[in-house]
Amino acid sequence: MNFSQAVASVYRNFATFNGRASRAEYWYWTLYQILVVLVLSVITGPSPAGSDLAYGFLIINLLPGLAVGARRLRDAGLSPYLLIIGIFPIVGAIILIVLFCMKPIPATTSPATSSTGRYCTTCGSPRFGGTFCPNCGTN
């Protein structure tokens, strides 16, 4: 996956929290956001309107960023709910960077695709004991 394919994939799946995202897709998306904010900052200079423009870009891209982060964690075999760690300043960001760098696990052994795993095979939401999925109602 190259840079433009990754950015297009994130925008195409902007609200899809199920599924998987490769490391390349996640990190190209992160690079894209950094580059756009830097370009906006250089173009507008130190004016308050420039920072408002950059913040606006980041707010607009918050949902796609959360979605690709959740898919990246699922690809590493982790719960997408670990994104909540990000609310803790500095420490949360460091932990998430480490988690986002983890190698993907094969799809056949992923808890999200396993019939005996902790996640529903239909919608990908976590199962808190038992086989019934509270989100989509499948067994």
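Helices (H or I, at least four residues) and strands (E, at least two) are taken here as DSSP runs, numbered from the N terminus. On that basis the protein chain comes to 5 helices and 0 strands, and along the sequence it reads α-α-α-α-α. This is a predicted model, in which local features need pLDDT of at least 70 and side-chain atom pairs count only at pLDDT 80 or more, while totals for chains, interfaces and linings use all residues. Residues are numbered from 1 along each chain as its sequence is written, and side-chain values use heavy atoms, with hydrogens and water left out.

Of the 139 residues of the protein chain, 34% count as buried, that is, under 20% relative accessible area with a 1.4 Å probe, protein chains only. In helix α1, residues 3–12, the buried residues are A6, V7, S9 and V10. Because they cover an arc of only 160° around the axis, they lie on the same side of α1, the arc being that of the directions from the helix axis to the C-beta atoms. Their cover includes α2 (23–44) and α4 (62–75), where contact means heavy atoms within 4.5 Å.

A search of the whole structure finds 8 aromatic pairs. The rings of W29 and Y32 have centres 5.4 Å apart and planes at 40°, so this pair is tilted; rings of Phe, Tyr and Trp (its six-membered ring) pair if their centres lie within 6.5 Å, and planes under 30 degrees apart count as stacked, over 60 as edge-to-face and the rest as tilted. W29 and Y32 are both buried and both lie in helix α2, 3 residues apart, about one turn of the helix. Ring pairs link F3, Y11, Y28, W29, Y32 and F57 into a cluster.

Definitions and conventions: Buried < 20%, exposed > 50% of the residue type's maximum accessible area, 1.4 Å probe, protein only.
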